Amino acid sequence: MASKLQNLSSYNPDALPPKDVVAKQKYGVIVADWNSQVTYKLLEGAVIALEENGAKDITVVHVPGAFELTYAAKKLQMEGGYSAIIVLGCVIQGDTPHFDYVCSGVTQGVATLNAVEGYCPVIFGLLTTLNLQQALDRAGGKLGNKGVEGAITAIRMASLR
């Protein structure tokens with residue numbers, strides 16, 4: 001029996017901190033320019049969701065590709081003052097193992113950043129799909145927007161600090 005796929009844009013606003021609390025927090029959003037037809041939709045979803053839930057201080061950083069997300073996240077962490085950082089990218093499987101190396105590297109990099117005591121949470125918003133259609137379905141398509149999910153996760157994680 002196949003499981004029903006969740007809409008990535010759906011969330012319970014009552015489970016979030018009040019907007020006046022979110023308004024005092026600072027968020028970083030790092031987006032990969034590679035696969036921009038997907039990643040810019042993720043960025044749009046994240047920024048809109050942050051703003052709709054009270055965020056006013058949002059820094060957006062562009063990097064060339066998914067592998068560079070970790071470096072940029074570490075740089076923002078070291079600057080300090082961020083309540084949470086969201087990394088957004090899209091890696092579509094091709095005919096070579098490049099997909100595996102990039103996905104693994106970004107996953108490990110974000111996990112490492114989250115394990116460093118004293119820094120803000122880094123939210124994993126990397127789409128790892130088999131084809132472009134799967135990516136588009138998760139970037140504002142029929143499955144919602146992973147960027148929205150990342151923003152809501154960032155707000156929830158920032159409240160743990």
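1. Basis of the note. The model is a predicted one, in which local features need pLDDT of at least 70 and side-chain atom pairs count only at pLDDT 80 or more, while totals for chains, interfaces and linings use all residues. Residues are numbered from 1 along each chain as its sequence is written, and side-chain values use heavy atoms, with hydrogens and water left out.

2. The sheet. Four strands make an open sheet in the order β2-β1-β3-β4, with parallel pairing; strands here are DSSP runs of E of at least two residues and helices are runs of H or I of at least four, numbered from the N terminus, and two strands pair if DSSP finds at least two bridges between them. The edges are taken by β2 and β4 (122-129), each of which has a single partner strand, so one side of each is left without a neighbour in the sheet. On average, neighbouring strands are turned by 15° against each other, direction ignored.

3. Strand β1. The parallel pairing of β1 with β2 (residues 57-63) rests on seven bridges, and V29 stands opposite V60 in β2. Towards β3 (residues 84-92), also parallel to β1, there are five bridges, and here V31 stands opposite L88. Six of the seven residues of β1 are buried, where buried means under 20% relative accessible area, exposed means over 50% and partly exposed lies in between, with a 1.4 Å probe and protein chains only.

4. N35 lies in the loop between β1 (26-32) and α2 (36-52), and has a positive phi of about 60° although it is not a glycine. Its relative accessibility is 17%, and N35 therefore counts as buried.

5. Helices α2 and α6. These two helices pack at an angle of about 40° with their axes 6 Å apart, the axes being lines fitted to C-alpha atoms, for helices over the stretch in contact, and angles running from 0 to 180 degrees between N-to-C directions. The angle makes α2 oblique to α6, since angles under 35 degrees count as roughly parallel, over 145 as roughly antiparallel, 65 to 115 as roughly perpendicular and the rest as oblique. On the α2 side the residues that meet α6 are L42, G45, A46, A49 and L50, and on the α6 side they are K146, G147, V148, A151, I152 and I155; contact means heavy atoms within 4.5 Å. By class these residues divide into eight nonpolar, two polar and one charged, with Ala, Val, Leu, Ile, Met, Phe, Trp, Tyr, Cys and Pro counted as nonpolar, Asp, Glu, Lys and Arg as charged, and the others, Gly among them, as polar.

6. Residue K146. K146 is found in helix α6 and, at 18% relative accessibility, counts as buried. Leaving aside neighbours within four places in sequence, K146 is in contact with L8, L42, F124, G125, L127 and R138.

7. Helices α3 and α4. The axes of α3 (residues 69-79) and α4 (residues 98-115) come within 9 Å and cross at roughly 15°, which makes α3 roughly parallel to α4. The contact is made by L69, T70, A73, K74 and Q77 of α3 together with G105, V106, G109, V110 and L113 of α4, and it comprises five nonpolar, four polar and one charged residues.
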